[in-house]
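Subject: A structure to look through

Dear colleague,

I am handing over the structure we spoke about, and I would ask you to keep it open beside this message while you read. My notes come after it, in an order that can be followed on the screen.

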Amino acid sequence: MSYSEPKEKQYCLMDCDGFVAVYREGDLSEPVTVTDIEVETLNNNDRLMLQNGITAENKTELISLLEDLSS
């Protein structure tokens, strides 16, 4: 029997100067990258979620979230 600890979220999407930015979970001081997705173009629900941070467990989930926000 093996025990594995719950995985931490690896990435967090948040607003950075009006654009969607990718941060490392646990280090919200400096974004890893800032996308060209403008927050003002997002729907109200997505903007509210960004205020609290949208987490992604891995790069695949991160890419999927970014694709959803950019469409």
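What follows is a walk through the fold, then through a few single residues.

Please keep in mind from the start that this is a predicted model, and that the values below were computed from it.

The overall plan

The protein chain has two helices and four strands, and, read from the N terminus on, these elements follow one another as β-β-β-α-β-α. Of the 71 residues in the protein chain, 31% are buried. The protein chain exposes about 5,300 Å², and 46% of that area is supplied by carbon and sulfur atoms. If we take the contacts in the protein chain with a separation of 6 or more, 39% of them are made by residues 24 or more positions apart.

The sheet

In which order do the four strands lie in the sheet? The order is β3-β2-β1-β4, in an open sheet whose pairing is antiparallel. Because β3 (33-38) and β4 (54-56) stand at the edges and have a single partner strand each, one side of each is left without a neighbour in the sheet. On average, and with direction ignored, neighbouring strands of this sheet are turned by 30 degrees against each other.

Strand β1 (residues 11-16) and strand β2 (residues 19-24) run antiparallel and are joined by six bridges, and together they form a hairpin with two residues between them. Asp17, which lies in that turn, has a positive phi of about 55 degrees. Along this pair, Leu13 stands opposite Val22 in β2, while Tyr11 has Arg24 as its bridge partner in β2. Tyr11 also has a bridge partner in β4, namely Ala56, and β1 and β4 pair in the antiparallel sense over three bridges. Val22, in turn, stands opposite Thr33 in β3, and the antiparallel strands β2 and β3 are joined by three bridges.

Why can β1 be called largely enclosed by the rest of the structure? The reason is that five of its six residues are buried, where buried means under 20% relative accessible area. Cys12, with a relative accessible area of 5%, is therefore buried, and Cys16 is buried because its relative accessible area is 17%. Although you may look for a link between cysteines, the structure holds zero disulfides.

The N-terminal end of α1 is capped by Asn43, which has a side-chain oxygen 3.1 Å from the backbone nitrogen of Asn45. After α1 comes Gly53, whose phi is positive, near 95 degrees.

A buried threonine and an exposed serine

Thr35 is found in strand β3, and with a relative accessible area of 17% Thr35 is buried. What does its side chain reach? A polar atom of the Thr35 side chain lies 2.7 Å from the backbone oxygen of Val20, and the side chain of Thr35 also reaches the backbone nitrogen of Ile37 at 3.1 Å. If its neighbours within four places in sequence are left aside, Thr35 is in contact with Phe19, Val20 and Leu66.

Is Ser71 buried or exposed? Ser71, which is found in the segment after α2 (59-70), has a relative accessible area of 79% and is therefore exposed. The C-alpha atoms of Ser71 and Ile37 are separated by 9.6 Å, although these two residues are 34 residues apart along the chain.

With best wishes

Notes:
Residues numbered from 1 in each chain as written. Predicted model: local features only at pLDDT ≥ 70, side-chain atom pairs only at ≥ 80, totals over all residues. Heavy atoms only, no water. Disulfide = S-S within 2.5 Å. Buried < 20%, exposed > 50% of the residue type's maximum accessible area, 1.4 Å probe, protein only. Pairing = 2+ DSSP bridges. Axes fitted to C-alpha atoms, helices over the stretch in contact; angles between N-to-C directions. Contact = heavy atoms within 4.5 Å. Areas by Shrake-Rupley, 256 points an atom, 1.4 Å probe, with all protein chains shown as cover. Polar contact = N/O pair within 3.5 Å; in protein donor to acceptor, adjacent residues only side chain to side chain.
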